[in-house]
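Here is a short report on one chain, written for a first look. Please keep the sequence and the model in view while reading.

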Amino acid sequence: MFKKLHKTAAVATEFEQQLRSVSLRVTQPRLAVLTAVNTHPHSDTDSIIASVRQKLPGVSHQAVYDSLHALTEAALLRKIQPSGLVARYESRVGDNHHHVVCRSCRRIDDIDCAVGDPPCMTPSDDHGFVIDETEVIHWGLCPDCAAAVQADADVIADPVTARTTSKIKIKNDS
Ligand SMILES: [Zn+2]
Ligand SMILES: [Zn+2]
């Protein structure tokens, strides 16, 4: 009943098996979406569409949306949406890992769960809920953005440099 797809790469076979394991039909858009997200974790929908179209030029936006929805529902993909950002997708599922988000450039990295059981992760009262996920997002500046801020601060700290580089916009007026 499955449309036969001719794939040679072992990774494609693995994605086909993933789809079958959750009783999803193997389709080209779903395989391409899985490949795109696996290659570029934490991608947003637009980036995924662009990536999928490199393989399947004719694929519609709707086909990608539908694939993302089906794959997320089936827990083959995880959708994350830090406050103020568009939804991102990743193929690292099932381990409830956390994320660190750069406030400046929006880079997102994975953070493994802290070893042990930090008290703040255990609700003082679960209100009778059966809790299966605890979302933790760390916010800050990535190394590149932190270095840029530090460079600005160095300019300010050095009046000579500040005078000679007055064309540089100093983002420290808050
Ligand atoms: Zn950054
Ligand atoms: Zn992640």
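In this predicted model, 43% of the chain's contacts with a separation of 6 or more join residues 24 or more positions apart. Two residues are in contact if their C-beta atoms, placed from the backbone, lie within 7 Å. Buried residues make up 14% of the 174 residues. A residue is buried if 20 or more other C-beta atoms lie within 10 Å of its own, exposed if 12 or fewer, and partly exposed in between.

Because the model is predicted, local features need pLDDT of at least 70, side-chain atom pairs count only at pLDDT 80 or more, and totals for chains, interfaces and linings use all residues. Residues are numbered from 1 along each chain as its sequence is written, while chains are lettered from A and ligands numbered from 1 in the order in which they are written.

**Overall layout**

The chain holds 6 helices and 6 strands. Helices (H or I, at least four residues) and strands (E, at least two) are DSSP runs, numbered from the N terminus. Along the sequence they follow the pattern α-α-β-α-α-β-β-β-β-β-α-α.

**Helix packing**

Two packed helices are described by the angle between their axes and the distance between the axes. Axes are lines fitted to C-alpha atoms, for helices over the stretch in contact, and angles run from 0 to 180 degrees between N-to-C directions.

| Helix pair | Angle | Axis distance |
|---|---|---|
| Helix 1 (residues 10-21) and helix 2 (residues 28-39) | about 115° | 10 Å |
| Helix 2 and helix 4 (residues 61-73) | roughly 70° | within 9 Å |

Helix 1 and helix 2 pack at an angle of about 115°. That makes helix 1 roughly perpendicular to helix 2; angles of 65 to 115 degrees count as roughly perpendicular, under 35 as roughly parallel, over 145 as roughly antiparallel and the rest as oblique. On the helix 1 side, Ala12, Phe15, Glu16, Gln18 and Leu19 meet Arg30, Leu31, Leu34 and Thr35 of helix 2. This contact of helix 1 with helix 2 has 5 nonpolar, 2 polar and 2 charged residues. Ala, Val, Leu, Ile, Met, Phe, Trp, Tyr, Cys and Pro count as nonpolar, Asp, Glu, Lys and Arg as charged, and the others, Gly among them, as polar.

The axes of helix 2 and helix 4 cross at roughly 70°. Helix 2 is therefore roughly perpendicular to helix 4. Pro29, Arg30, Val33 and Leu34 of helix 2 touch Ala63, Val64, Ser67, Leu68, Ala70 and Leu71 of helix 4. By class, the contact of helix 2 with helix 4 has 8 nonpolar, 1 polar and 1 charged residues.

Gln54 lies in helix 3 (residues 45-55). Gln54 is exposed, with 9 other C-beta atoms within 10 Å. Gln54 and Ala32 are 22 residues apart in sequence and 9.4 Å apart in space, C-alpha to C-alpha.

**Two sheets**

Two strands pair if DSSP finds at least two bridges between them. One open sheet of 3 strands has the order 1-3-2, with antiparallel pairing. Its edge strands are strand 1 (43-44) and strand 2 (78-80). Strand 1 pairs with strand 3 (residues 88-90) over 2 bridges. Ser43 has Tyr89 in strand 3 as its bridge partner.

Another open sheet of 3 strands has the order 5-4-6, with mixed pairing. Strand 5 and strand 6 (137-140) are the edge strands. Strand 4 (residues 98-102) and strand 5 (residues 108-111) run antiparallel, joined by 4 bridges. Val101 has Ile108 in strand 5 as its bridge partner. The hairpin of strand 4 and strand 5 has 5 residues between the strands, and Arg106 takes a positive phi near 70° there.
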